[in-house]
Amino acid sequence: MSFLQIYLQALLIILSMMAILWIISIIIKNVSIVDLFWGFGFVVAAGFYYLKTGGEDPRRNLVLALAAIWGLRLSVYLTWRNAGKGEDFRYRQFRKNYGENRYWWISFFQTFLLQGLLMWLISAPLLGAQYYSEGRALGFPDYFAVALWLTGFIFEAGGDWQLAAFRGNPSNKGKVLDTGFWRYTRHPNYFGDSAVWWGFGLLCLNAGSYVPALGSLLMTALIIKVSGVALLEKSLKEQKPEYREYIRKTSAFLPWFPKK
């Protein structure tokens, strides 16, 4: 089976899962469930690619394991973080703007279909690294890719854990977290997410697959310019006056020592 055939089959699977999620969101009136599925969706995609490309190969095993660890950790964390909090404020605002009678179907195109297509496009390195892996032994470039993935995973998971602990302390309400990973970058979780996907991108390149590695670039672009850094900082500047000083002294994305 060709690369394109496998990739298109994955699109059908991802969109089918998104359609089911959309129906569930209508029943429970909570579009936020789409965010909980983001990480798990990549696990499904990686597992599907693994089965379709033959499996039982060092690089395939590695890609599947790393994708499962990253995706399951993210979905479990978001499910725990959002438990009992209802629908995210972004979707509540959309529901208000479009009206309850219209948003139920608009949400499919605006949120579920869009995220499904993005998930499919971004997942390309997971397929490229596995499809072209046959006969290619792991080498130093692959170990470097794993080291990059591990760095990203530590920043992402560590940043999430530190932020959860910070928010869990009532005395920190209204304050800005500027210790731990957050001392060196304003967005350790977003930086970590990007580094994880560049790890996948390098594994894809090391397998001799080049165009699919652009999925890692797309993930980084979304994190920095669309749904991550840009969107979050806009709201934080308005909510927390202290955040402007934090911006002045702390690196926006790549970890670095704070300015004095």
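1. Arg73 counts as buried because its relative accessible area is 19%, buried meaning under 20%, exposed over 50% and partly exposed in between, with a 1.4 Å probe and protein chains only. Setting aside neighbours within four places in sequence, Arg73 is in contact with Ala68, Phe153, Glu156, Ala157 and Asp160, where contact means heavy atoms within 4.5 Å.

2. Please keep in mind that this is a predicted model, in which local features need pLDDT of at least 70 and side-chain atom pairs count only at pLDDT 80 or more, while totals for chains, interfaces and linings use all residues. Residues are numbered from 1 along each chain as its sequence is written, and side-chain values use heavy atoms, with hydrogens and water left out.

3. Next, the salt bridges. A search of the whole structure turns up 10 of them, a salt bridge being a side-chain nitrogen of Lys or Arg within 4 Å of a carboxyl oxygen of Asp or Glu. One of them joins Asp142 to Arg59, with the closest N and O atoms 2.9 Å apart. This pair links distant parts of the chain, as Asp142 belongs to helix 7 and Arg59 to helix 3, 83 residues apart. Asp142 and Arg59 are both buried.

4. Two further pairs are worth a look. Glu87 and Arg95 meet through their side chains in a salt bridge at 2.7 Å, N to O, and both residues are buried. Glu245 and Arg248 form a salt bridge at 2.9 Å, N to O; they share helix 11 (residues 243-249) and lie 3 residues apart, about one turn of the helix. Glu245 counts as partly exposed because its relative accessibility is 39%, and Arg248 counts as partly exposed at 40%. There is also a network of salt bridges linking Asp35, Asp88 and Arg90.

5. Now for helix packing. The axes of helix 7 (residues 140-167) and helix 8 (residues 188-206) come within 7 Å and cross at roughly 160°. Axes are lines fitted to C-alpha atoms, for helices over the stretch in contact, and angles run from 0 to 180 degrees between N-to-C directions. The crossing angle is why helix 7 is roughly antiparallel to helix 8; angles under 35 degrees count as roughly parallel, over 145 as roughly antiparallel, 65 to 115 as roughly perpendicular and the rest as oblique. The residues of this contact divide into 15 nonpolar, 6 polar and 4 charged, with Ala, Val, Leu, Ile, Met, Phe, Trp, Tyr, Cys and Pro counted as nonpolar, Asp, Glu, Lys and Arg as charged, and the others, Gly among them, as polar.

6. How do helix 5 and helix 9 pack, and at what angle? Helix 5 and helix 9 (residues 214-226) pack at about 135°, with their axes 8 Å apart, so helix 5 is oblique to helix 9. Leu118, Leu121 and Ile122 of helix 5 meet Gly215, Leu218, Met219 and Leu222 of helix 9. By class, this contact has 6 nonpolar, 1 polar and no charged residues.

7. Finally, a glycine in helix 5 (residues 100-122): Gly116. Is Gly116 buried or exposed? Gly116 is buried, because its relative accessible area is 0%. Not counting residues up to four places away in sequence, Gly116 touches Ile14, Leu15 and Met18.

Technical notes. Helix = DSSP H or I, 4+ residues; strand = E, 2+ residues; numbered from the N terminus.
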